[in-house]
Amino acid sequence: LATDSRIVSAFIACAVVVKQNLMLKQLATCYRLSQLGSSIRKLSLSTSKMAEPASKKAKPDYTFNVNKCLDKAFETKSLAEIIKAPPSALQGLADHSNPMLAAFKIHTIEDLANWKHAKLAQGIVNLVAVEETGARAAAAEMNFNKGLDKAFETKSLAEIAAAPPSALAGLADWTDDTLAKLHIKTVQQLADWKYVKWAQGLVELAAFENPDHAS
């Protein structure tokens, strides 16, 4: 009888230990689940914040515009977008002007602003007013032969400005006819072409544009 009593007591003790172990395992499982739930909630909050669109900075009350040099469709575009548009986005340049300018590798307003022949023409025309007729010193070394057709290397700035665009190196004779359709018949007119000047102004300003309107 005493032996049976000890066996029962041992059985009860084992049962208690097993129950305690089960409870500990359950507690550990609950703890791990609670930790996992916390991590999921944090991840969900983080993902939610990432999904929220960044609030745009309120735009200042601007007053400047360049409406008179742009087609209506481009008046509300950013400068960055405008300079990547075709030249015909400039007011007064029809769509058929695009293929004409493409012959000079000009496909965008930015290309037009950086057109090397227009910039060369501007350099010449800008200096015509400071040239003294027949007063070049015999010892003078200055020249810009790389920018001129051979026949114009010894001409005065005034003469070059009055010459057809093909007087500039790299512009073949056929370009005179193409440019004439754009109302450019002389180096002077190329330098003064308003579309080049507008393009240059737009490109200069675009370099200082802030997409978020920050100061």
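**Notes on the predicted model**

1. Contact between α5 and α9. On the α5 side, Ala118, Lys119 and Gln122 make the contact, and they meet Val196, Lys197 and Gln200 of α9. Sorted by class, this contact has two nonpolar, two polar and two charged residues. The model is a predicted one, and side-chain atom pairs count only at pLDDT 80 or more.

2. Geometry of that pair. Two packed helices are described by the angle between their axes and the distance between the axes. Here α5 spans residues 116–128 and α9 spans residues 194–206; they pack at an angle of about 100 degrees, with the axes 11 Å apart. The pair is therefore roughly perpendicular, since angles of 65 to 115 degrees fall in that class.

3. In soluble globular proteins, nonpolar side chains tend to be buried together. The largest nonpolar core in this model has 40 residues, and those touching the most other members are Leu90, Ile109, Leu112, Trp115, Leu168, Trp193 and Leu202. Two or more residues each come from α2 (79–82), α3, α4, α5, α6 (157–162), α8 and α9. The most come from α9, which gives six.

4. Leaving aside residues up to four places away in sequence, Leu112 touches Leu90, Ile106, Trp193, Tyr195, Val196 and Ala199. Of these, Val196 is also one of the α9 residues that α5 meets.

5. Positive phi at Lys105. Most residues other than glycine have a negative phi. Lys105 is not a glycine, yet its phi is positive, near 65 degrees. The residue sits in the loop between α3 (97–102) and α4 (109–113). Lys105 counts as exposed because its relative accessible area is 70%, and the cut-off is over 50%.

6. Positive phi at His183. This residue is not a glycine either, and its phi is positive at about 65 degrees. His183 lies in the loop between α7 (174–180) and α8 (187–192). With a relative accessible area of 66%, His183 is likewise exposed.

7. Chain totals. The chain has nine helices and zero strands. Of its 215 residues, 27% count as buried. Among contacts with a separation of 6 or more, 55% join residues 24 or more positions apart. The accessible surface comes to about 15,300 Å², and carbon and sulfur atoms hold 59% of that.

Methods: Residues are numbered from 1 along each chain as its sequence is written. Side-chain values use heavy atoms; hydrogens and water are left out. Axes are lines fitted to C-alpha atoms, for helices over the stretch in contact, and angles run from 0 to 180 degrees between N-to-C directions. Helices (H or I, at least four residues) and strands (E, at least two) are DSSP runs, numbered from the N terminus. Angles under 35 degrees count as roughly parallel, over 145 as roughly antiparallel, 65 to 115 as roughly perpendicular and the rest as oblique. Contact means heavy atoms within 4.5 Å. Ala, Val, Leu, Ile, Met, Phe, Trp, Tyr, Cys and Pro count as nonpolar, Asp, Glu, Lys and Arg as charged, and the others, Gly among them, as polar. Buried means under 20% relative accessible area, exposed over 50%, partly exposed in between (1.4 Å probe, protein chains only). A nonpolar core is a set of buried Ala, Val, Leu, Ile, Met, Phe, Trp, Tyr and Cys residues joined through side-chain atoms within 4.5 Å. Accessible areas come from the Shrake-Rupley method with a 1.4 Å probe; for residues, only the protein chains shown count as cover.
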